[in-house]
Each structure stands twice: as C-alpha cells, then as structure tokens.
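Below is a walk through one protein model, from helix geometry to the packing of aromatic rings. The sequence and structure come next.

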Amino acid sequence: MAEQQLARNLSKRHVSMIALGGTIGTGLFLGAGDSIQKAGPAILLIYIITGFFIFAMMRALGELLVSDSSKPVFIDFMEEYLGPRAGFILGWTYWLGWIIIAMAELTAIGNYMHFWFPNTPIWIWELAFLAILYFINVTAVEAFGETEFWFSMIKITAIIAMIVVGFVMATFQVKTSVGVTHFSTLWSHGLIAHHGHELLAAFQMAFFAFLGVEFVGITAAETKDPLETIPKAVNSIVVRILIFYIGALAAIMTIQPWSDYSGNMSPFVQVFSGIGITSAAGIINFVVLTAAASSLNSSLFTTGRMLYSLSEGQGPFSKLNKHAIPMRAINFSALLIGLVIILNYIFPNDAFSLVTATASATFLVIYGSLMITHLKFRQSKNYQKGKHYFRLPFAPYLNWLTIAFLFMIFMILLFTPATTITTLLAVVWFVVLYIISLMKIKK
C-alpha cells in the first residue's frame with residue numbers, strides 16, 4: 001500500500017507560499033480597475049466582508065483536512081458526509097472547472113507572450129509553457145512546490161512594491177500627472193461610486209478574485225506535517241486579505257483618485273505610467289504572465305490529483321509512478337488542456353471567457369457544499385470520538401451565514417444581465433452530471 005500513497009514532499013515553505021500566492025492572479029492585477037470603478041473606496045469594505053466569509057470557509061476546510069489528512073483531495077470529505085452522488089457531482093465539477101480555467105490561462109499566456117513577440121505564432125508559446133509545466137508536475141512534487149514558491153514570490157513582490165510606492169508617495173506628497181499625492185486622496189473624491197448602484201456587482205467581482213483559495217486543500221495529502229502546516233497556511237489568509245488586497249487597492253486609490261481609473265486597463269499599469277515609469281506595461285505584463293503560469297501550474301497539479309481521487313482505486317488513472325505522482329491522471333488532464341491550442345484556431349477567445357465564467361459560478365456551489373460537509377462532520381461519530389484540531393469558531397452559525405452569503409452572490413450572478421447566461425449554463429452543468437450519476441450510482 002505504501003507505493004500507492006501520494007508523496008508527502010511539500011515543505012512548510014512551499015505550502016505557506018502556495019497559500020499566500022494562491023489567489024493573487026489576474027483578478028487583482030487586471031480586474032481591480034473595474035472593481036474600483038464600480039464601487040470606489042467602498043471596494044475595501046467589500047473585500048473585507050467577502051474575505052471574512054472566504055476565511056470562514058477555509059477554516060471549515062482546515063478542520064476537515066486535519067481530521068483526516070490521508071484523503072487525497074477535500075472532495076473525498078464531501079463524498080463521505082454528503083453521499084457518493086454528491087461526491088461524484090462535485091468531484092467531476094471541480095475537475096472540469098479547473099480544466100476549463102487552465103484552458104483559459106493557457107490562452108492568456110499566448111496573448112501575454114504576443115505582447116513581446118508579435119511576429120511569433122501564439123500556439124508556439126502555449127505549447128512551450130504547457131510542456132515545461134507538465135514536465136515539472138510529473139518530475140517530483142518538490143519541483144511543483146518550488147516552482148509555485150517562486151511564481152508566488154514574484155506576485156507578492158509586485159504587490160508589496162505597489163504598497164510601498166503608495167506610502168512613500170503619500171508621505172512625501174509626490175506630484176504625478178493627475179496632481180499631488182495625499183493620503184486623503186483615498187476618500188476625498190467620495191467613498192461610494194455611482195451612488196452605490198453597482199455595489200452588489202462589486203461583491204461578485206471580489207468573490208472571483210479569491211477563486212482558487214481552496215487550492216491549499218489539494219496539497220494536504222502531500223504535506224510533510226499537515227497538523228502543523230495546514231492550520232498555518234489557512235490562518236495566513238487573514239494576512240493575505242489585509243495586506244495584498246486591502247493594502248494594494250488602498251495604495252492604488254491613494255496615489256491617484258479612484259475616479260481617474262479606467263475599468264479596461266490594469267490599475268497597476270495606470271499607476272506606474274502616471275508616476276513616469278514608461279516600462280509599466282511591460283512590467284505588469286510579466287507579472288500577469290507569471291500569475292497565468294502559476295494558475296496553469298496549479299491546474300495541472302489539481303486536475304491530476306482530482307482524477308486520481310475520482311478513479312477510486314480502479315482504472316488507469318488510479319496508478320502512481322515511481323515518484324508517487326499520479327502521472328497518468330496528469331497526462332490525460334494535460335492532453336485535454338492542450339486541446340485549447342487547436343480550438344483557438346477554430347473559435348474566438350471570447351468563447352472561452354464565457355465557459356470560464358460558467359466554471360467559476362460552479363465554485364459557489366462547491367464552497368457552499370463544503371460548509372454543509374463541515375456541518376455533517378460536526379454531527380458525525382468521527383468528530384464526537386476523534387481529537388478536535390483547528391476547530392471552526394462559532395459553528396454552526398457561521399456555516400449558515402457563509403452559505404447565505406454565497407447564495408446571495410449566486411443570485412447576483414443570476415440576475416445580472418452580463419452573467420445570467422453563464423449562471424444558467426452552470427445550472428445545466430449540474431443537471432447533466434446529476435442525470436449521469438443516476439445511471440452510474442445506485443444510491
């Protein structure tokens with residue numbers, strides 16, 4: 001049995017940095033401009049509220065993970081406490097969701113490289129990045145961990161630089177192309193944009209910025225000391241929210257008025273350009289390229305482990321290679337992801353943004369199901385007879401509050417014209433998987 005166990009070779013350093021950098025992506029570097037335009041400085045409060053419930057969800061996940069760290073992925077807890085049908089539907093949804101996200105990220109990588117090499121076919125860069133990250137994922141778990149460590153380091157360095165620049169400029173009242181920088185710039189142009197008409201839309205954007213935060217749960221089965229590492233990684237989310245999101249957005253709106261930002265351009269580019277850094281576009285392009293590559297790297301890791309877990313010890317995807325890595329599962333996932341290189345010749349890239357939004361909507365259901373799973377765990381004999389590690393405070397009340405919050409965002413998605421179709425597609429997705437489960441699972 002030992003040779004059929006996933007390797008526990010991710011160190012505390014790897015998991016901590018994966019947790020810190022896990023949700024820092026294009027949603028912050030590119031999408032923050034739209035968030036600021038919709039909400040103004042009130043976006044800070046929206047991120048705090050959203051971050052609170054995301055942290056509650058992660059604390060529930062953390063308690064589950066340390067209760068039985070032998071489970072390869074957190075979907076296994078859903079199958080145990082919600083039943084095999086729920087495990088089947090949520091497991092395949094999670095796997096397919098990450099496959100689609102990986103396709104979109106691979107497409108984005110080709111576009112980012114086109115910025116520097118406009119005469120080179122995009123498909124060459126897509127193939128090259130997929131091949132390199134695939135090789136890293138099937139070589140050793142430590143190789144994946146080290147790659148993610150440095151990807152996260154680049155993203156975190158960029159954000160800290162933004163915060164430091166904002167603080168220094170406000171302290172010394174540096175003049176920019178839009179005026180003199182003051183701390184009061186943050187609130188002097190109004191606290192709420194457009195009289196609050198688009199505040200609800202900003203909630204959904206804040207949620208999607210945190211999408212993927214649960215990825216640290218996928219690493220649990222390959223962590224050297226899960227009882228110590230997982231709680232520290234989960235608790236670090238508070239620091240991430242306060243520093244990386246709140247700090248970066250506050251710095252951006254301090255350097256220049258929030259009303260001056262365009263929703264169609266990265267606010268980081270606008271800030272650096274405004275203070276005279278002519279290479280701002282190139283710098284941010286490198287950072288978002290790193291963010292996309294990090295997401296693709298995480299996708300290969302996640303989809304491989306998910307497919308291995310969904311195989312339930314049977315079939316070709318249930319085998320591990322000599323490095324205790326589910327290589328066959330990664331091979332199949334990488335092959336599907338690579339199809340995007342061909343599909344990009346046939347369909348416009350906008351088609352993938354539509355499907356990606358559909359996959360993102362399903363994460364709301366997965367996160368809500370995770371809170372219900374935690375409720376069932378608390379009522380189980382495993383909890384009553386076991387040792388209580390890293391307990392979620394204020395359960396079960398916090399569980400139900402978090403579920404209500406996630407349901408609110410789902411309703412916002414459903415009744416917002418721009419996302420109604422994608423949300424309905426997500427509902428269709430679940431219906432199709434439910435029908436398949438009726439044929440496959442007798443319970």
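This is a predicted model. Begin with helix α8, which covers residues 141-171. Its 31 residues, taken at 1.5 Å a residue, should span 45 Å, and the end C-alpha atoms are 45 Å apart, so expectation and model agree. Just after α8, Gln173 adopts a positive phi of about 50°.

Helix α9, residues 199-209, can be read through its burial. A residue counts as buried when its relative accessible area is under 20%. In α9, 8 of the 11 residues are buried, so the helix is largely enclosed by the rest of the structure. The buried residues are Ala201, Ala202, Phe203, Gln204, Met205, Ala206, Phe207 and Ala209.

Ring pairs link Phe207 with Phe74, Tyr94, Trp98, Phe363 and Tyr367 into a cluster. Across the model, the count of aromatic pairs comes to 23, with ring centres within 6.5 Å as the criterion. As for accessibility, Phe52 is partly exposed at a relative accessible area of 44%, whereas Phe53 is buried at 13%.

Aromatic rings also meet charged side chains. The charged end of Arg59 sits over the ring of Phe390, 4.0 Å from the ring centre. Likewise, the charged end of Arg305 sits over the ring of Phe301, at 3.9 Å from its centre.

Technical notes:
Residues are numbered from 1 along each chain as its sequence is written. This is a predicted model: local features need pLDDT of at least 70, side-chain atom pairs count only at pLDDT 80 or more; totals for chains, interfaces and linings use all residues. Side-chain values use heavy atoms; hydrogens and water are left out. Rings of Phe, Tyr and Trp (its six-membered ring) pair if their centres lie within 6.5 Å; planes under 30 degrees apart count as stacked, over 60 as edge-to-face and the rest as tilted. Buried means under 20% relative accessible area, exposed over 50%, partly exposed in between (1.4 Å probe, protein chains only). A charge sits over a ring if NZ of Lys or CZ of Arg is within 6 Å of the ring centre and within 35 degrees of the ring normal. Helices (H or I, at least four residues) and strands (E, at least two) are DSSP runs, numbered from the N terminus. The expected span of a helix is 1.5 Å times one less than its number of residues.
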